[in-house]
There are 2 protein chains.
Amino acid sequence: MRDSYLDEFFTFLRFASISTDDTYKEKLVECAHWLVEKLNRIGLQAQLVSTPGHPIVWAKNKHQPGRKTVMIYGHYDVQPPDPLELWDSPPFDPVLRNGYVYARGSTDNKGQILSHILGIQETIAEKGDLPVNLHLIIEGEEEIGSGSLPGFLKKHRDSLGCDIVVVSDTGMIARGVPTLSYGLRGVTACEVKVTAAKMDLHSGVFGGAVANPITALARLLATLHDANGHIAIEGFYDDVKPLEDWERDAWKKLPVDADKLILDETKAPALFGEKGYSTFERLWARPTAELNGIGGGYQGQGTKTVIASHAMAKLTFRLVPNQEGDKVLKLAHKHFEKHLPPGVTMEITDGHSGPWYLTDPHSAFGEAAQHALKEAFGTEVALIREGGSIPIVSQFRDILGVETLLLGLALHDCRAHSPNENFPLENLQNGIKMNQAILQEIGRARS
Amino acid sequence: MRDSYLDEFFTFLRFASISTDDTYKEKLVECAHWLVEKLNRIGLQAQLVSTPGHPIVWAKNKHQPGRKTVMIYGHYDVQPPDPLELWDSPPFDPVLRNGYVYARGSTDNKGQILSHILGIQETIAEKGDLPVNLHLIIEGEEEIGSGSLPGFLKKHRDSLGCDIVVVSDTGMIARGVPTLSYGLRGVTACEVKVTAAKMDLHSGVFGGAVANPITALARLLATLHDANGHIAIEGFYDDVKPLEDWERDAWKKLPVDADKLILDETKAPALFGEKGYSTFERLWARPTAELNGIGGGYQGQGTKTVIASHAMAKLTFRLVPNQEGDKVLKLAHKHFEKHLPPGVTMEITDGHSGPWYLTDPHSAFGEAAQHALKEAFGTEVALIREGGSIPIVSQFRDILGVETLLLGLALHDCRAHSPNENFPLENLQNGIKMNQAILQEIGRARS
């Protein structure tokens with residue numbers, strides 16, 4: 001790896017490109033300009049595309065007929081660095097310690113997208129051109145929901161025509177183990193509010209004669225699961241596609257002790273999940289109903305002898321193939337209506353949905369990705385799904401009609417979104433190799 | 001009623017004397033000082049007695065041998081005003097609307113104790129002295145369990161010797177119906193905290209493999225009652241004394257439709273309570289387990305896909321004769337330990353306890369109270385119990401060896417502890433008369 005690469009990585013990291021905070025608007029523009037200059041310098045044609053939010057960087061090589069067209073996607077925006085006091089070094093003043101670069105955005109997503117940029121630079125320097133037609137799209141709103149991306153994709157749908165999308169914004173199953181993520185869970189949300197009296201009541205004066213909305217809500221929420229962690233909503237699992245045998249086998253053989261990993265990381269007193277499934281199956285292939293928040297009555301210091309007027313809970317369902325968010329919400333409504341305790345009324349507000357994603361890792365492009373990963377890392381490839389959601393992957397499918405290869409370079413202890421985020425230089429190096437290999441492999445893939 | 005009385009009431013109400021929140025410590029001291037000055041001005045000898053908590057106001061007339069000695073008790077501290085957004089006018093900026101004064105503490109207890117102060121003022125102004133020896137005790141910790149009062153009573157036990165205590169901190173069964181309360185429920189409190197991971201987790205990355213503490217808490221709290229509103233803690237009802245026949249009959253004949261009253265006042269969609277008991281029985285003679293607050297995870301706008309590290313609920317039990325708070329808490333701990341779902345740890349913090357109270361409304365002082373009430377209000381007296389707790393009543397019995405007459409002036413729709421607390425000027429007026437009558441009646445009572 002060239003010495004200048006680390007300097008460039010540090011320069012990229014010094015931009016405090018915090019998309020959620022308008023104070024940093026200019027920093028995002030500066031960061032995007034720096035990318036455009038860098039991409040033009042290495043031989044691409046790069047431009048800044050303004051959006052209602054932060055600008056999108058769009059770079060291409062000279063497209064030639066008869067070649068595959070690849071879109072590489074990444075983002076230059078980062079999460080806020082709070083809480084600052086937990087950082088060992090300033091979040092926007094990168095340092096290299098023991099082979100790891102520490103800075104906000106080092107893993108998510110600057111290190112990963114830079115490895116693609118540097119891979120492209122190497123290939124062009126060696127061979128004068130890439131083996132494929134390229135669109136490189138680096139957006140500035142990923143951490144705030146990619147609000148402008150669908151509009152951009154729709155507006156430029158014809159120019160952006162491509163055969164496959166490559167994204168490095170997911171995780172490796174373990175350090176040194178190249179990983180292809182071929183599935184993601186979806187998500188859908190709702191909020192349940194239970195009301196008894198129109199105002200808070202004195203629990204001595206009224207206690208015993210009217211329903212307590214916190215008690216009613218607790219009783220209602222307790223019906224969501226059975227004692228084995230199975231979701232008790234009627235019909236909830238009807239559309240769940242069972243795990244395929246090859247997946248179950250592959251996940252059993254992954255070189256990671258999932259149980260130990262989760263316990264070490266969370267410090268939970270024990271694992272808990274749906275009976276009859278392994279930890280990886282629970283995380284990647286089984287849906288969940290998670291209460292993300294609950295509130296009602298007095299939450300301050302000490303005691304307040306009050307019966308609250310209302311109480312609410314926020315709920316998200318993680319969805320798996322072939323569940324549909326709207327259908328799941330309808331079943332949930334029905335369940336809550338059926339189990340609502342007496343003496344209260346209920347109001348349900350539905351939130352946003354994002355679909356699950358599943359692609360075939362044994363397709364021609366999937367095989368190309370596996371070859372490239374093996375070449376870059378020199379070892380067997382892990383085929384996994386992930387438990388989280390990446391809505392843009394579904395947008396690529398819906399708007400551009402193409403599949404996405406998720407070739408993540410994030411390690412489990414990278415602390416993305418947390419203090420002391422870090423990225424190993426080893427993964428920058430391997431990422432450069434991976435970019436070169438994947439473009440080669442796609443260039444000669446059959447499909 | 002003199003014009004100045006309303007001004008003084010408003011001044012008294014403007015002190016934000018919130019005893020549970022240390023931020024307001026100085027406001028309580030200011031309020032207590034204001035009372036001392038007022039009481040000295042009307043001809044009593046008043047002083048501020050400091051305590052480990054908020055100060056106690058103690059005023060006397062000149063005691064003379066051969067007279068009955070009466071202690072009048074009240075409190076100048078108030079409940080927190082939250083939720084502020086539900087108040088039609090600011091809680092500490094009193095207003096008079098349609099004959100009602102709106103402010104936090106207007107009924108509980110500033111309006112009621114002020115009517116005694118003004119009654120005393122009138123009697124002294126008219127007659128130069130009271131017909132009894134008086135101790136007027138106004139404390140600042142009633143809303144947080146009266147922690148310093150027992151120490152004060154014990155320390156000054158000899159000086160505080162008296163024949164009877166008079167307290168106006170309870171309710172009237174209906175507007176215009178004078179009411180003697182001869183029984184109270186007790187209370188005991190605890191807080192339950194359930195923890196899974198040591199930090200908040202991404203619900204996509206970890207959801208399904210570790211317990212959700214909000215779900216676990218909901219499942220735990222749902223075990224507190226059965227579907228009929230009966231408390232499911234083993235042994236909880238063992239010590240409950242059944243209602244006597246004369247009480248059940250008297251309550252049936254009260255000039256109030258309890259069900260309609262509660263529904264009108266609370267606007268709850270239906271009544272809900274323990275099966276097999278009337279509304280008055282549920283409120284006055286049956287114990288409860290009420291969740292006063294619950295909190296965990298994200299409670300802001302929209303969605304946050306997080307699995308909280310922990311969740312907590314605040315709980316109070318209302319107790320009836322012959323239940324004991326400590327025993328009930330022990331049973332509750334046992335219940336929670338038995339029903340704690342897997343994958344989480346639990347921490348229970350016990351709060352303050354106050355015992356129930358029961359006295360004979362047909363004793364000599366009880367009869368004196370009934371005469372005074374009839375004289376002040378000009379109509380038949382209702383004999384009731386109350387659902388709330390006044391722990392100090394048991395302390396007066398235990399430490400000073402005296403019974404307490406509860407001559408409440410609170411109306412059902414006074415909204416004590418709730419937004420838009422209010423007190424009718426009519427009750428301030430009748431309270432002044434009642435104070436004058438009760439001191440007369442006690443002065444000539446046989447016992």
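Two strands are taken to pair if DSSP finds at least two bridges between them. Strands (E, at least two residues) and helices (H or I, at least four residues) are DSSP runs, numbered from the N terminus. The model is predicted: local features need pLDDT of at least 70, side-chain atom pairs count only at pLDDT 80 or more, and totals for chains, interfaces and linings use all residues. Residues are numbered from 1 along each chain as its sequence is written, while chains are lettered from A and ligands numbered from 1 in the order in which they are written.

In chain A, an open sheet is formed by 3 strands in the order β4-β5-β18, with antiparallel pairing. Strands β4 (95-97) and β18 (422-424) of chain A are the edge strands, and each pairs on one side only. On average, neighbouring strands of this sheet are turned by 30° against each other, direction ignored. Axes are lines fitted to C-alpha atoms, for helices over the stretch in contact; angles run from 0 to 180 degrees between N-to-C directions. Strand β5 (residues 100-102) of chain A pairs with β4(A) in the antiparallel sense over 3 bridges. Within this pairing, A:Arg97 has A:Tyr100 in β5(A) as its bridge partner. Helix α12 (residues 425-443) of chain A lies across β5 and β18 of chain A. The helix runs at about 60° to β18(A). Contact between two residues requires their C-beta atoms, placed from the backbone, to lie within 7 Å.

Chain B also holds an open sheet of 3 strands, in the order β4-β5-β18 and with antiparallel pairing. Its edge strands are β4 (95-97) and β18 (422-424) of chain B, each pairing on one side only. Neighbouring strands of this sheet are turned by 30° against each other on average, direction ignored. Strand β5 (residues 100-102) of chain B is joined to β18(B) by 3 bridges in the antiparallel sense. Here B:Tyr100 has B:Pro424 in β18(B) as its bridge partner. Helix α12 (residues 425-443) of chain B lies across β5 and β18 of chain B, at about 60° to β18(B).

Chain A is divided into two domains, with bounds from an automatic or database domain assignment. Domain 1 covers 3-184 + 356-443, and domain 2 covers 187-240 + 287-354. The C-alpha centres of the two domains of chain A lie 39 Å apart. Contact between them involves 6 residues of domain 1 and 7 residues of domain 2. On the domain 1 side, the residues divide into 3 nonpolar, 3 polar and no charged. Ala, Val, Leu, Ile, Met, Phe, Trp, Tyr, Cys and Pro count as nonpolar, Asp, Glu, Lys and Arg as charged, and the others, Gly among them, as polar.

Between the chains, 73 residues of chain A are in contact with 80 residues of chain B. Strand β11 (residues 288-297) of chain A supplies the largest share of the chain A side, 9 residues. That side comprises 31 nonpolar, 30 polar and 12 charged residues. Strand β11(A) runs antiparallel to strand β11 (residues 288-297) of chain B, and 5 bridges join them. A:Ile294 has B:Gly296 in β11(B) as its bridge partner. The copies meet through the same surface, because 95% of the interface residues of chain A are also interface residues in chain B.

In chain B, strand β6 (residues 133-139) is largely enclosed by the rest of the structure, because 7 of its 7 residues are buried. A residue is buried if 20 or more other C-beta atoms lie within 10 Å of its own, exposed if 12 or fewer, and partly exposed in between, with C-beta atoms placed from the backbone. B:Asn133, B:His135, B:Ile137 and B:Glu139 point one way from β6(B), and B:Leu134, B:Leu136 and B:Ile138 the other way. Strand β2 (residues 56-60) of chain B pairs with β6(B) in the antiparallel sense over 4 bridges. B:Val57 stands opposite B:Ile138 in this pairing. Strand β3 (residues 69-75) of chain B pairs with β6(B) in the parallel sense over 7 bridges. Here B:Thr69 has B:Asn133 as its bridge partner.
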